[in-house]
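I opened this entry to log what I looked up in the model. Short notes follow, one topic at a time.

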Amino acid sequence: MSANKGWWAPPEGEDSVSQKFLRKTRESPLVPVGLGGCLAVAAYRIYRLKARGSTKMSIHLIHTRVAAQACAVGAVMLGAVYTMYRDYIKRSAQDPGEK
């Protein structure tokens with residue numbers, strides 16, 4: 001036990017939160033893009049909340065959720081297309097004589 005109980009330190013051999021985030025970002029770079037898109041849409045829609053006019057609050061929130069989910073699904077789809085390109089198209093272009 002440490003004397004300073006206000007700060008948490010990871011056990012030896014484990015990454016800190018920032019190191020783990022950077023490692024995961026290098027492994028799949030589109031996850032932070034999707035997360036950033038979701039946050040950007042949510043921030044914009046909260047900013048525009050006062051100018052929604054006569055639209056009900058529930059409809060405004062549903063539209064915000066759908067737009068944020070579209071960013072996340074778009075990032076997942078881009079990741080899937082990139083992975084398919086990397087695994088099939090690029091690999092088959094490098095190894096034409098193996099078939």
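**Ala42.** I found Ala42 in helix α2. Helices here are DSSP runs of H or I with at least four residues, strands are runs of E with at least two, and both are numbered from the N terminus. Is Ala42 buried or exposed, or in between? Ala42 is partly exposed, because its relative accessible area is 26%. The cut-offs are under 20% for buried and over 50% for exposed, with partly exposed in between (1.4 Å probe, protein chains only). I also checked Ala42 against Arg65, which lies 23 residues away along the chain. Their C-alpha atoms are 7.8 Å apart.

**Basis.** This is a predicted model, where local features need pLDDT of at least 70 and side-chain atom pairs count only at pLDDT 80 or more, while totals for chains, interfaces and linings use all residues. Residues are numbered from 1 along each chain as its sequence is written, and side-chain values use heavy atoms, with hydrogens and water left out.

**Thr64.** I moved on to Thr64, in helix α3 (residues 57-94). Its relative accessible area is 12%, so Thr64 counts as buried. Which residues does Thr64 contact, leaving aside neighbours within four places in sequence? They are Val41, Ala42 and Arg45; contact means heavy atoms within 4.5 Å. With Arg45 I noted a polar contact, side chain to side chain, at 3.3 Å. That term covers a pair of N or O atoms within 3.5 Å; within protein, one must be able to donate a hydrogen and the other to accept it, and residues adjacent in sequence count only if both atoms are side-chain atoms.

**Largest pocket.** I read a volume of about 230 Å³ for the largest pocket. It has 13 lining residues, and Ser28, Pro29, Leu30, Val31 and Gly79 are the closest to its centre. A pocket is an open set of points on a 1 Å grid over the protein atoms alone, where a 1.4 Å probe fits, with protein on both sides within 12 Å along at least five of seven lines; lining residues have an atom within 4 Å of a point. The volume is the space filled by probe spheres set on the points. Helices α2 (30-47) and α3 each supply at least two lining residues. The largest share, seven residues, comes from α3.

**Whole chain.** I counted three helices and zero strands in the protein chain. From the N terminus, the order is α-α-α. Of the 99 residues, 9% are buried.
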